[in-house]
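Dear colleague,

Please find below the structure that I am handing over to you. My findings follow it.

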Amino acid sequence: MQRTPQAVTTLLKLAACALLTLGTVTQAPAEDKKPDPTGTWTWTTPGRNGGPERKSTLKLKLDGDKLTGNVSSPGREGAVNETAIADGKVKGEDVSFTVTREYNGNKMVQKYNGKLSAASLKGKIEFERNGEAQSRDWEAKREADKK
């Protein structure tokens, strides 16, 4: 069977269209995939009065649009304070939640806002201290899954 130049051209055009279509279909899921905050995140903050750094751990779980989890941080005399997060939200790469702790009958609310990437959560923590609004930068790193 002998192919005419027109048949070869048509066959090449069909093959090119098939490849382009296949490339578009296989790339679509990768572009739609959003970073997932589910997992364990850690960060350190300077110790008081020049003391050792304090390591905090954040465990998050995403269920649809709802973000839940808890924050563990060092307390006094080696105790660990674990507090549930509230108002957890994820919209695209934006993550936000609040942590409310109570000290000596006084509530302290920290608002966490950050941008999510595969390996980090980076943003600001806003809170009040002595009646004044304050904020500090915050960057948590994703811990590797322990299996």
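Of the 147 residues of the protein, 24% count as buried (buried means under 20% relative accessible area, exposed over 50% and partly exposed in between, with a 1.4 Å probe and protein chains only). Please note that this is a predicted model, in which local features need pLDDT of at least 70 and side-chain atom pairs count only at pLDDT 80 or more, while totals for chains, interfaces and linings use all residues. Residues are numbered from 1 along each chain as its sequence is written, and side-chain values use heavy atoms, with hydrogens and water left out.

Overall fold

The protein has one helix and eight strands (DSSP runs numbered from the N terminus: H or I of at least four residues for helices, E of at least two for strands). Along the sequence their order is α-β-β-β-β-β-β-β-β. The eight strands form a closed barrel, β1-β2-β3-β4-β5-β6-β7-β8, with antiparallel pairing (two strands pair if DSSP finds at least two bridges between them). From one strand to the next, the twist averages 30° (axes are lines fitted to C-alpha atoms, for helices over the stretch in contact, and angles run from 0 to 180 degrees between N-to-C directions). Strands β1 (residues 39–45) and β2 (residues 54–63) run antiparallel and are joined by seven bridges; T42 stands opposite T57 in β2. Of the contacts in the protein with a separation of 6 or more, 27% are between residues 24 or more positions apart (contact means heavy atoms within 4.5 Å).

A buried arginine

R101 belongs to strand β5 (residues 94–103). R101 is buried yet has no salt bridge, and the nearest side chain of opposite charge, E82, is 10 Å away. Here a salt bridge is a side-chain nitrogen of Lys or Arg within 4 Å of a carboxyl oxygen of Asp or Glu; Lys and Arg count as positive and Asp and Glu as negative, with His and the chain ends not counted. The side chain of R101 does make a polar contact, at 2.9 Å, with the side chain of Q110 (a pair of N or O atoms within 3.5 Å; within protein, one must be able to donate a hydrogen and the other to accept it, and residues adjacent in sequence count only if both atoms are side-chain atoms). Leaving aside neighbours within four places in sequence, the contacts of R101 include V71, S73, T83 and N106.

Positive phi values

Most residues other than glycine have a negative phi. D87, in strand β4 (residues 80–91), has a positive phi near 55°. N104, in the loop between β5 and β6 (106–116), has a positive phi of about 50°. N104 counts as exposed, because its relative accessibility is 80%.

With kind regards
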